[in-house]
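Please look through the sequence and the fold below before reading on. The paragraphs that follow take up a strand with its partners and then a helix.

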Amino acid sequence: MSNFLRAVCTARRALQRTRQARLYATEAPSAAEGNLKPSSYGQPLFQSHVHLLKPDELTPGIPAEDYEQRRRKLMEKLPEGSMVVCGSAPIKYMSNNIFYKYRQASDFWYLTGFEEPDSAVILEKTSNTRGYRMTLFCSGKDSAKEKWDGARTSFREATTIFHADEALSIETFSSRLKSATNIHSHVYADITPTHTRPGPRATSKYLLKNLSPLVEARSDQDAILASVIQKRRPLAPEVAKLRAIKSTAEQRVMRAAADISGRAHAKTMRFARPGISESALAAHFEYLCAMSGSQRPAYVPVVASGQTVIHQLRRPNALIIHYTSNNHLVRAGETILIDAGCEYNGYASDITRTFPASGTFSEPQRDLYAAVLSAQKQLVALCHESAGLSLHDLHRRSCDLLREELKQIGFALEGNDLENVLYPHSLSHPIGIDLHESSHFNRSAALKEGMVITVEPGIYVPPTSNFPPHFHNIGIRIEDEVLVGKTDPVVLTVAAPKEISDIEGACQGLLGLEPF
């Protein structure tokens with residue numbers, strides 16, 4: 001029996017003896033077997049982390065079969081003579097040799113589930129029953145490096161665990177890339193985004209640098225460039241089509257991420273009070289998410305408190321759409337707008353809630369909040385395939401609904417007051433592994449079952465004479481994640497209070513919620 005199979009058997013026995021149901025990543029089984037330290041692998045696997053993964057999962061929550069289906073569907077769509085080249089994310093440094101917590105490149109992770117840096121994959125379209133051949137490149141075992149950086153997966157186990165036909169050293173990547181491109185007509189690969197628009201040769205150099213960071217020889221680079229330069233096609237648009245529709249497993253992970261973030265929003269409402277700092281609220285939210293198993297925030301949180309101002313040129317923080325300084329104090333009578341979400345098992349969550357710092361909305365705050373909420377709920381109801389609407393359609397509908405709701409509470413809008421001043425952002429964006437999966441998403445195409453999008457109307461009233469003065473300096477945004485169904489939407493972020501009575505109840509401790 002191989003070491004890999006022996007580890008699987010051991011982990012299965014440990015799981016069978018564990019009676020408690022796995023909810024989140026912080027729950028550990030009582031058995032020590034299957035959870036030996038240190039791990040022999042470069043990432044959590046069922047063989048080493050039975051408290052994180054189930055037997056059929058390659059990454060937490062996502063079965064190995066999902067990854068196989070993703071690769072198969074991708075290769076089926078590509079023309080004959082095609083190959084795919086995809087590389088890992090580079091390690092990013094804050095300063096000198098102080099690195100940030102590593103996050104794998106999204107498309108590479110989506111296709112492989114492999115989480116180690118200095119890795120790449122080549123998929124070659126074939127006529128066999130699988131439809132492709134997969135070669136995984138990685139660092140392999142290195143006891144000297146592992147003493148500093150932790151375990152890495154061996155080539156043999158990388159082949160078995162990640163269902164590759166072959167696993168090779170990343171140092172052989174350039175030569176294999178060169179030989180593979182010589183026998184294929186189309187090379188699907190992407191480059192590292194830059195702020196410039198380089199020509200074809202420079203583009204290929206960026207590609208090579210991104211995919212094979214260990215190759216430094218100029219002669220090797222030039223030889224590979226000659227093979228790739230005329231054959232390259234963008235990979236990201238092809239992968240984006242697959243990522244747009246979430247599998248059942250992905251939907252479950254995204255619901256779990258939304259539950260973690262939603263509960264953190266509710267508890268942060270209870271934690272908030274006049275005199276507390278915005279940064280303390282941000283820290284509390286992130287703490288709650290981490291304690292529930294989140295690996296990282298999905299983005300820098302917005303914690304924007306209001307501000308009573310007289311000077312016409314000053315604006316409260318809630319009127320700044322992406323206010324992330326979070327360095328003011330909360331005052332009595334203000335509203336607090338928190339736009340925050342966690343990343344859990346590779347998938348982002350995105351929720352915005354606005355609530356009263358003192359526990360009860362003032363009458364103007366309540367009226368404006370009710371107007372935005374009414375529009376938001378009507379828009380959520382339209383997020384299903386049978387409605388035949390696109391993101392562009394939904395945004396136009398949001399403008400119509402908000403205009404009508406504001407009219408009912410006394411706004412006399414003129415010209416582009418709504419779109420240019422009160423509601424300057426889009427209603428929605430797709431979400432999944434990345435917070436914004438919009439780069440290759442057709443916003444004019446009708447929504448399809450299995451997509452997950454945000455619905456986030458907002459109104460931000462500056463202190464100018466053309467708007468009712470009692471609404472001045474109030475900023476309201478309400479954002480949910482919605483799973484597009486065939487005939488009905490599913491709101492994933494239901495754990496975050498949204499109705500006025502629920503929000504005030506959460507703030508006042510009437511819902512049975514505590515701050516922690």
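Two strands are taken to pair if DSSP finds at least two bridges between them, where strands (E, at least two residues) and helices (H or I, at least four) are DSSP runs numbered from the N terminus. This is a predicted model, in which local features need pLDDT of at least 70 and side-chain atom pairs count only at pLDDT 80 or more, while totals for chains, interfaces and linings use all residues. Residues are numbered from 1 along each chain as its sequence is written, and side-chain values use heavy atoms, with hydrogens and water left out.

Strand β3 (residues 82-87) pairs with β9 (residues 186-188) in the parallel sense over three bridges, and Val187 is the bridge partner of Met83 there. With β6 (residues 120-125), β3 pairs in the antiparallel sense over five bridges, Gly87 standing opposite Ala120.

In a regular strand the side chains alternate between the two faces of the sheet. In β3 both faces are covered, with Ser82, Val84 and Cys86 buried on one side and Met83, Val85 and Gly87 buried on the other; buried means under 20% relative accessible area, exposed over 50% and partly exposed in between, for a 1.4 Å probe and protein chains only. Because six of its six residues are buried, β3 is largely enclosed by the rest of the structure.

Helix α11 (residues 278-291) has buried residues Glu278, Leu281, Ala282, His284, Phe285, Leu288 and Cys289. They cover an arc of only 160° around the axis, which puts them on the same side of α11; the arc is that of the directions from the helix axis to the C-beta atoms. Just after α11, Gly293 takes a positive phi of about 110°.
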